[in-house]
Amino acid sequence: MISAGNHAARQSGTGMIEVLVAIVITAFAMFALIGTQTLALRYQKTAHLRAMASQFSADLADRVRANIRGADSGAYNLSQQAYPAVDESAPSCSGSGGCTPQELAANDIQDWRTGLSDAMAGGWGEIAGSLVDGFTVKVYFLDPSASSGEPDPVEKNCLPSAADPVLHKDVMCLATAFFP
C-alpha cells in the first residue's frame, strides 16, 4: 500500500489498461486507413488507364475524320485482328506522289497501335465500322488490379472481339463509337 498524504491509496492499473485499449483502437483505425488508401490508389490507376484509352480513341476518331476518303473505302475496317499483335510495319508512302487514302489509313492505325503499346501496358486497339453505321474503336490494356469475375458494361461491349478473355484475364477494354 502506498500512502499519499493522510490517505491510503491503492494502485489498480486502470490507467495502463486504458492506454492499451486506446493503442489497439488506434491500430485498427490505422489499418482501416491503409486499406482505404490502397483501394483508392487502385481505383485511381484504373481511372487513369481508362482516361488514356479514351484519349487514344478520340485520337483515332480524329485520324478517321481527317482521312474521310480512306474511311469511305473501308481502309479502317480491318479484319483478322488479334490482340496483342502489332503489325511489323506500315506501308511507306514518302515518295513524291504522297499517300493514297488506304496507305494513310494503314499508317494511322500503325502509329496509333504503336502509341498505345508504348503508353500503356498491354496497349492495343482495333477499329471496325463504316461511314453509314459509324465506327467502333476498342482499346485494350492490362489492368491486373481491376480483374474480376463479372465484366462491367464497358467490357461487355468488347467480349466478342480480338482479346480472348480466357487467355488474357487481366486485359480490360474500353469501347467507343463515333460517326465521322
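Author: Quick definition before we start. Helices are DSSP runs of H or I with at least four residues, and strands are E runs of at least two, numbered from the N terminus. This is a predicted model.

Reader: Fine. What pattern does the chain follow along the sequence?

Author: Read along the sequence, it goes β-β-α-α-α-β-β-α-β. The chain has four helices and five strands.

Reader: What pLDDT does the chain average?

Author: The average is 80. A score of at least 70 is reached by 71% of the residues.

Reader: Where is confidence lowest, and where highest?

Author: Lowest is helix H4, residues 153–156, with a mean of 51. Highest is helix H1, residues 14–66, with 92.

Reader: On to the sheet. In what order do the three strands come?

Author: The order is E3-E4-E5, in an open sheet with antiparallel pairing.

Reader: By how many degrees are neighbouring strands turned?

Author: By 15° on average, ignoring direction.

Reader: How many bridges join E4 to E5?

Author: Eight, with E4 covering residues 134–142. Phe135 has Phe178 in E5 as its bridge partner. Further along, Val139 stands opposite Leu174 in E5.

Reader: Which helices pack on that sheet, and what do they touch?

Author: H1 is one of them, touching E3, E4 and E5. The direction of H1 makes about 145° with that of E4. Helix H3, residues 101–119, also packs on the sheet and touches E3 and E4. The direction of H3 makes about 145° with that of E3.

Reader: And E3 with E4? How many bridges there?

Author: Seven bridges, in the antiparallel sense. E3 and E4 form a hairpin, with three residues between them. Glu126 stands opposite Lys138 in E4.

Reader: Switching to rings. How many aromatic pairs does a search of the whole structure find?

Author: Two. Trp124 and Tyr140 form a tilted pair, 5.6 Å centre to centre, with 40° between the planes.

Reader: Which parts does that pair tie together?

Author: Trp124 lies in strand E3 and Tyr140 in strand E4, so the pair ties together parts that are 16 residues apart in sequence.

Reader: Trp124 and Tyr140: buried or exposed?

Author: Trp124 is at 0% relative accessibility, so Trp124 counts as buried. Tyr140 is at 1% and counts as buried. The cut-off for buried is under 20%.

Reader: What about Phe135 and Phe178? How are the rings arranged?

Author: They are stacked, 5.6 Å centre to centre, with 20° between the planes. This pair links distant parts of the chain: Phe135 in strand E4 and Phe178 in strand E5, 43 residues apart.

Reader: Buried or exposed, those two?

Author: Phe135 has 1% relative accessibility, so Phe135 counts as buried. Phe178 has 9% and counts as buried.

Reader: Now the largest nonpolar core. Which residues touch the most other members?

Author: Val64, Tyr76, Met120 and Ile127, out of 23 residues in that core.

Reader: Which elements supply at least two residues each?

Author: H1, H3, E4 and E5 each do. H1 gives the most, with seven residues.

Reader: Why would such residues sit together?

Author: In soluble globular proteins, nonpolar side chains tend to be buried together.

Reader: Zoom in on Met120. What is it in contact with?

Author: Setting aside neighbours within four places in sequence, Met120 is in contact with Leu49, Met52, Ala53, Phe56 and Phe141.

Reader: Last bit, whole chain. What share of the residues counts as buried?

Author: Of the 180 residues, 28% count as buried.

Reader: And of contacts between residues at least 6 apart, what share joins residues at least 24 apart?

Author: That share is 63%.

How values were computed
Residues are numbered from 1 along each chain as its sequence is written. Side-chain values use heavy atoms; hydrogens and water are left out. pLDDT is the predictor's confidence in each residue, from 0 to 100. Two strands pair if DSSP finds at least two bridges between them. Axes are lines fitted to C-alpha atoms, for helices over the stretch in contact, and angles run from 0 to 180 degrees between N-to-C directions. Contact means heavy atoms within 4.5 Å. Rings of Phe, Tyr and Trp (its six-membered ring) pair if their centres lie within 6.5 Å; planes under 30 degrees apart count as stacked, over 60 as edge-to-face and the rest as tilted. Buried means under 20% relative accessible area, exposed over 50%, partly exposed in between (1.4 Å probe, protein chains only). A nonpolar core is a set of buried Ala, Val, Leu, Ile, Met, Phe, Trp, Tyr and Cys residues joined through side-chain atoms within 4.5 Å.
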